[in-house]
Amino acid sequence: MTNIIKNTLIITTSLLLLSLVTVLIVLWTFSNSIPDYRFLKNYKPPVSSKMYSGKGDLVADFSKEKRIFVPYDAIPKNVINSFLSAEDKNFFSHPGVDAKGLIRAIINNIENIINSKRLEGASTITQQVAKNFLLTNEVSINRKIKEAILAFRIERALTKERILELYLNQIYLGSGAYGVAAASLEYFDKSIKELNYNEAALLAALPKAPSKYNPYRNKDLAKFRRDLVLNNLNENNFISQKEYAQFKDSPIELKKTKKVFFEDSQYYIEDVRKKIIDQLTYEKVYKQGYNINTPINLELQKIVTQSLRNGLLAYDKRKGWRGPLKNIEYTDNWLEKIEKKFRLEKSIGWQLAIVKQVNQFNTIIETEKNISGTIEYKDISWTKKDFKDLLKIGDIIYVKKIDKNYFSLEQLPKINGGAVVMDPFTGRVLALSGGFSFKNSEFNRATQALRQPGSAFKPFVYALALENKYTPSSLVLDAPLVLDQGVDLKKWKPENYGKKFYGPSTLRVGLEKSRNLMTVRIAQNLGMDMITQFSKDIGIYEKPEELLSISLGSAETTLINLTSAYSSFVNGGKLVSPILIDRIQDGEGITIINNENRKCKDCESVSFTGKNFPKIEDNYKQILSPQTAYQVTSLLQGVVERGTGKKLKKLGLNLAGKTGTTNDNTDAWFIGFTSNLVMGVYVGMDNPEPLGKFETGSKAALPIFEEFVKKAVKKVDARPFKVPENITLMVVDPNTGNKAKFNSKNTIIESYKSQNISNGKILYSNNNRLDTNNILKFY
């Protein structure tokens, strides 16, 4: 008997030693191949960067995963208790692996294998952290061993609180939400601090199978799993029996976060996204949780987008109907046959529809929302066609709901364009639209399209003239001009629009009526080196050639650069650059990019309870004298009063602006401004081609500016333009520039620099006030 006991002890000891050696060998083998876990000490999960409007509204979220990082101390106890009860009740007492839980799982799994049931897991929260951060989802003994080793090491390196913080911020909880904070918003539209046990238990029920238990998919199954978590909470003494019964009887009440779709802002958002990626890299933008403050004004943005769309549609309808999107056989599932490229933004207000019946005076359609509707003859009048010539059964078209089941026929415009609204004193871009539909084309015509500005460039030639001894009353000859362009090149013969000549005319008339020949003569006098240098200094062109045709806007620029340059006329001659991003802060609130160029003078010494107010100073470059800037503004007011922009006069507001039309009416522009806003509009084809005989800046682009002003600018906001010091106002004859005679009916108020006035008389230098003969000789 003694020998038996002795042998048994020897065998047992040997087996134990062998097991121990085996375990040590296994641990040594796997320890050499496990990933480095030490980075977890300072690790922060990837967090989305958020873009905000000038008023603090969330406009966009740049992220791969919906996640909001919340430190452990900010996570409420009911959330922590719920996850511990659901996933690892012994978390705060085990060393990384729960031996009791492991043994229980082994015993249960033997029974599960016999009964062909799903195997039960025994991973602790620490093991899940090891798996989620350092290992794959491979189901194997190798991975489980590595997971256990890592769990022990992580427990030695990190506090329990840090491990739990990592877990609760990293775990996937369904519906695209990562971490408890994002999931709380996704399912309940609440901060995690507002969750009760009922709601916290539902979140804790999700890690086991986020898709299976997703309450949006199957509430009954989600409730079953939630109730199991509530039962665990009760057994672990986190909630009482009474609370358990109360929570268990409560239905699941979901409230999805209200998503605001900023479809109208997509061109702006995309430009901001590209800029910050260029500056900060894609990885940082999508993982480090930057707060991006922008000047976008969402109210103005909506108006700008709609105004541009309406202007493009108005032009397109003048050109008639081009035909349906496609023709297919009508079936109940016809919508499934339509390509995604035909889908447009909801904000446009159109639907796809199929033609079911064509009659003499109406057409019967079925919309993508399965609504049967009618298009009446009055709603196709713009096509100038009859229904029989217009549509046939099976045609896929765009329609817009008018009233009840009545629709109008629409078509995606072939023409496109852009619009920009800026603060002229800072360059902050308040609104921007780069085309009719971002879904249809992401190309941004406001910032990317290089186009000839045409006559919209002329104010800068006139500004240089006023800086160089000209006055608004200086006479310039408007007569035919023939110029050599170089060896083996044809002579250049610039012409006015309408091919007429008007003789000697004042600078004011030349700009108001957009006279090409006068502009070229001024450019000759000034010298092209001066004009090209100025165009670079003010940010219109980068490398312009010294050609006289540049004075008529023949070189290419972008709408945003030209609009920014116009700001100098409003702000007293200062150079501002377009600003799409005000400031960027990292997750700690540290400012890493700041585009604010103004400073508060003596702010520390100013009492905000007293009568003294802080003074804001800027360091913007003075590109024009304040006097010249005002004179150009006055001339551009004349464009609205009497010139190519006179369609705006009926608005009764203090407005200034300039039209622009290129050769063959290929591009149409209007840049206009009030005393506190400047707006640029461009209209043209993506593949440049003539817009039509009468499609000028005044007809194609100006109405977009007009609609914006009607909706966005109140009379109190369009104040008179500020007159700077050393400007003298005088009543003159607009055609001759002479001081007006008593009782003269045709007069205007002209602005002169003080050095050009003496004893009530206008002084002219020999370079800018010439009789007809001298003009001919001079030029």
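1. Start with Ser698. Setting aside neighbours within four places in sequence, Ser698 is in contact with Thr644, Lys647, Thr659 and Pro703. Contact here means heavy atoms within 4.5 Å. The model is predicted: local features need pLDDT of at least 70, side-chain atom pairs count only at pLDDT 80 or more, and totals for chains, interfaces and linings use all residues. Residues are numbered from 1 along each chain as its sequence is written, and side-chain values use heavy atoms, with hydrogens and water left out.

2. Ser698 sits in helix 21 (residues 697-712). Helices (H or I, at least four residues) and strands (E, at least two) are DSSP runs, numbered from the N terminus. A polar atom of the Ser698 side chain lies 3.2 Å from the backbone oxygen of Thr644. Thr644 is also among the contacts of Ser698.

3. Is Ser698 buried or exposed? Ser698 is buried, because its relative accessible area is 14%. The classes are buried under 20% relative accessible area, exposed over 50%, and partly exposed in between (1.4 Å probe, protein chains only).

4. Now the charged pairs. A salt bridge is a side-chain nitrogen of Lys or Arg within 4 Å of a carboxyl oxygen of Asp or Glu. By this rule there are 34 salt bridges.

5. Take Arg162 and Glu165. They form a salt bridge, with the closest N and O atoms 2.5 Å apart. Both residues lie in helix 6 (residues 160-170). They are 3 residues apart, about one turn of the helix. Both Arg162 and Glu165 are buried.

6. Lys223 pairs with Asp227 in a salt bridge; the closest N and O atoms are 3.0 Å apart. Helix 9 (residues 219-235) holds both residues, 4 residues apart, about one turn of the helix. Lys223 counts as partly exposed, because its relative accessibility is 25%. Asp227 is buried, because its relative accessible area is 10%.

7. Which residue forms a salt bridge with Asp379? The partner is Lys378, and the closest N and O atoms are 3.5 Å apart. Asp379 has 14% relative accessibility, so Asp379 counts as buried. Lys378 has a relative accessible area of 54%, so Lys378 is exposed.

8. Salt bridges link Arg508, Glu512, Arg642 and Glu750.

Note on methods:
Polar contact = N/O pair within 3.5 Å; in protein donor to acceptor, adjacent residues only side chain to side chain.
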